[in-house]
Amino acid sequence: MLSRAADALFWLARNMERMDNLARLIEAAQSMAGVSSEAEEWRSALAAAGVDELYDETYNAVTPDLAARFLSSGGANPSSIINCLENARVNARAMRTALTRDMWEAVNQGWIESRKLTENNFSPALLAETLDWVRTLSTRFSGAYETTMLRNENYWFVRLGTFLERADNTARILDVKYHLLLPQESSGVGGMLDYYQWTSVLRAVSAVRAYQWVYREEVRPWNVAELMILRTEMPRSLRACYDHITYCLDQLAEIHGGKRGEAHRLAGAIAAELRFGRISDIFQTGLHETLTTYIDRTKELGDQISNLYMR
Amino acid sequence: MREFFDEMYGADGEVRAAYAGIAAWLAETPPAVLETKREEAERLFRRVGITFAVYTEGGDTERLIPFDIIPRVLDADEWAFLERGLVQRVTALNRFLADAYGEREIVKAGKLTDDYIDTHPAYCAQMQGVTVPSGIYTHIAGIDLVRTGVNDFYVLEDNCRTPSGVSYMLENRAVMMRLFPELFARVGVAPVARYPQDLLATLRSLTTPIGEEPCVVVLTPGQFNSAYYEHSFLADEMGVELVEGVDIIVRDKKVYMRTTDGLKRVHVIYRRIDDDFLDPLVFRADSVLGAPGLMEAYREGNVALANAPGAGLADDKAVYMQVPEMIRFYLGEEPILKNVPTWDCANEGALAYVLDHLDELVVKETRGSGGYGMLVGPHATKKTRDAFAKKLRLNPSAYVAQPTLALSTCPTFAGDKAAGRHVDLRPFVLSGANGVRIVPGGLTRVALQDGSLVVNSSQGGGTKDTWVLHRNGGGR
């Protein structure tokens with residue numbers, strides 16, 4: 001397939017996944033309203049999305065309404081939900097032939113609907129409904145590609161984009177939230193506030209129920225970290241994402257007659273660490289340090305994939 | 001009041017046989033239902049993204065060409081006649097192009113001059129003496145036809161460069177089949193869906209690589225081009241790559257595309273970019289839409305281009321006037337399809353006639369295309385006509401004139417009822433080493449405004465599905 005097509009599919013999937021993650025992030029921040037410091041909660045959401053500095057350049061103070069709008073519909077924010085969808089459609093349109101009709105219609109229909117949204121749809125009263133729409137759209141897209149794409153290169157590049165983006169998001173959310181929560185942890189572990197805040201981390205990755213099913217105990221920081229980094233049954237954990245990433249890369253290598261590159265080595269190394277790692281070791285090294293390293297290496301992996309296939 | 005040929009009703013108000021099924025359907029379907037269906041069609045077109053780009057400030061950059069849900073019908077005999085005429089005409093046009101870029105027999109026979117060909121803007125000097133695959137220049141031709149009577153079809157224009165619109169032919173049909181499946185069952189319509197396969201077969205016939213599968217690609221200027229939807233649609237329907245200039249590279253006079261598996265050889269390019277942009281080494285140096293070295297690879301016979309550079313020469317108005325003569329000259333046959341009577345102002349007698357009848361004629365620049373620099377006499381003011389007459393006297397050989405044609409009308413949904421609106425027809429003719437093929441149908445363009453004769457989408461025109469009946473008569 002064309003290198004440019006691989007690039008377009010990869011970024012189409014990344015943008016759709018990012019859009020979906022943003023919706024979850026905003027919902028998590030909203031759900032904390034009235035429980036903790038709203039400004040802190042929203043600041044952490046902005047940081048997890050990687051747009052906190054950009055926000056500060058645009059606005060003087062963090063308010064729930066402004067932050068939510070910045071993350072969802074903000075024109076000045078290149079990674080807002082609406083801009084992610086716009087980018088996804090540009091990628092899709094650039095390589096329409098690489099998409100199935102169902103995939104294209106999912107993206108295009110979503111884009112058409114998004115053009116009908118007004119300021120009002122992002123107001124506190126209607127935001128939840130709008131975010132539901134985003135998640136439906138993202139589900140429609142992944143459903144479309146899972147059920148209609150041939151299992152050829154195109155498919156593996158879409159999957160690769162999805163899981164690379166998801167790994168990056170999970171690492172960021174955990175890193176930012178963990179930072180925010182540390183002071184409280186020392187002062188009152190197990191307190192009501194603490195409970196809510198750790199729950200909000202889970203909520204941001206839609207894993208509140210999953211936590212209960214896996215641990216069957218109250219929410220504890222190290223369990224949350226383990227669930228999001230190492231547990232294979234958690235679909236948004238780094239481990240699960242990297243299992244998929246290495247599988248996709250293996251499939252691509254097979255299609256290309258066994259040709260492998262630095263991307264394969266790097267992904268394999270990270271996947272092995274996640275597979276055999278222990279949460280106690282991670283805390284010993286420092287959770288923040290570990291997560292920062294994963295974020296950097298995931299970015300490096302993206303560059304290596306691009307080097308190997310997309311130029 | 002002029003008389004126009006009504007495709008559905010005869011002079012006595014009788015429904016013509018071809019439209020019997022449509023007439024019965026219109027009679028039993030309330031306008032409100034048609035309106036609902038029309039809205040549904042529009043939603044379908046938007047969802048699929050069949051839009052064309054317009055470059056205006058602000059607003060929507062992607063617009064839909066209005067679609068009319070009442071099909072235009074041709075019966076089997078009418079189509080058989082058109083098909084014979086189109087095959088004949090396009091064969092002659094290809095023979096002419098091969099001759100113009102080869103031996104110039106037509107000049108020796110005194111029909112055109114060397115000078116006329118050599119100085120024509122669409123003439124491509126780099127193609128002179130180049131051997132092209134199977135001697136074919138226009139592999140995909142769009143021939144614009146108008147109808148003025150039961151047996152009167154005229155060719156208005158030949159489009160031999162890169163005619164567009166075929167995606168509308170196919171998508172219009174797909175939408176109609178979705179909206180009115182029962183109507184198809186009742187009327188019996190010849191399918192058009194095999195066009196992409198015919199196109200691919202035509203393109204593949206242009207190459208005979210040894211020991212490998214011929215690799216065909218569609219070359220597009222990119223997603224901001226107004227016909228981008230069509231480019232991606234055709235590539236997708238054929239199952240071939242849609243490439244842009246950045247995707248292709250020429251090495252050792254061979255063309256390759258950049259893939260995830262390294263460079264891959266390309267044998268045939270269906271190019272949807274203009275001649276000028278194909279190769280910056282030969283044509284416009286600032287073009288990034290094509291690939292440096294492409295023309296050399298082409299001249300070496302290492303890649304086939306469809307359509308061939310320079311094929312636009314056949315679209316010329318003076319060349320047009322010669323087509324009936326060309327058919328006799330190259331094929332030794334009598335032309336089946338008629339030309340619109342055309343006065344060549346270079347001829348003194350013709351000029352005098354044209355100047356005398358400016359208020360009833362359309363005057364076109366010989367070398368113009370797309371309706372630029374044109375005078376529509378009946379719609380112009382006296383002042384405009386006088387100014388145009390001056391230009392005409394100064395440089396008569398730059399102009400030809402034609403009568404304004406009485407385009408036929410076809411029932412068209414006008415909000416509350418079906419009313420007659422003027423239509424034209426563009427069938428698509430494929431020519432390859434494997435012969436000439438035409439799917440039964442084409443793009444019908446319709447002037448949606450009451451009384452308007454302008455079918456261009458930029459000026460209020462829309463499109464219709466074109467039905468060619470399996471057999472004569474319009475079903476029950």
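Is the crossing of helix 13 of chain A and helix 15 of chain A left-handed or right-handed? The first legend answers this, and every view comes from a predicted model.

**View 1. Helix 13 and helix 15 of chain A pack against each other.** The crossing of these two helices is left-handed. Helix 13 spans residues 262-276 and helix 15 spans residues 287-309, with the axes 8 Å apart and an angle of about 155 degrees between them. Helix 13 and helix 15 of chain A are therefore roughly antiparallel, since angles over 145 degrees count as such.

**View 2. Here are the residues that bring helix 13 and helix 15 of chain A into contact.** Helix 13 contributes Glu262(A), Ala263(A), Leu266(A), Ala267(A) and Ile270(A). Facing them from helix 15 are Arg297(A), Glu300(A), Leu301(A), Gln304(A), Ile305(A) and Leu308(A). By type, the residues of this contact comprise seven nonpolar, one polar and three charged.

**View 3. Four strands of chain B make an open sheet.** Follow the order 14-17-15-16, with antiparallel pairing. Strand 14 (343-344) and strand 16 (375-376) sit at the edges with a single partner strand each, so one side of each has no neighbour in the sheet. Take a moment for strand 15 (residues 361-365) and strand 17 (residues 399-403), which pair over five bridges. Here Leu361(B) stands opposite Pro403(B) of strand 17.

**View 4. Helix 4 of chain A (residues 64-72) has buried residues.** They are Ala67(A), Ala68(A), Arg69(A), Phe70(A), Leu71(A) and Ser72(A). What do they pack against? Their partners in chain A are helix 1 (3-31), helix 2 (38-48), helix 3 (52-58), helix 5 (81-94) and helix 7 (124-148).

How values were computed:
Residues numbered from 1 in each chain as written. Chains lettered and ligands numbered in written order. Predicted model: local features only at pLDDT ≥ 70, side-chain atom pairs only at ≥ 80, totals over all residues. Axes fitted to C-alpha atoms, helices over the stretch in contact; angles between N-to-C directions. Parallel < 35°, antiparallel > 145°, perpendicular 65-115°, else oblique. Left-handed = near helix turned anticlockwise from the far one by under 90°. Contact = placed C-beta atoms within 7 Å. Nonpolar A, V, L, I, M, F, W, Y, C, P; charged D, E, K, R; others polar. Pairing = 2+ DSSP bridges. Buried ≥ 20, exposed ≤ 12 C-beta atoms within 10 Å, placed from the backbone.
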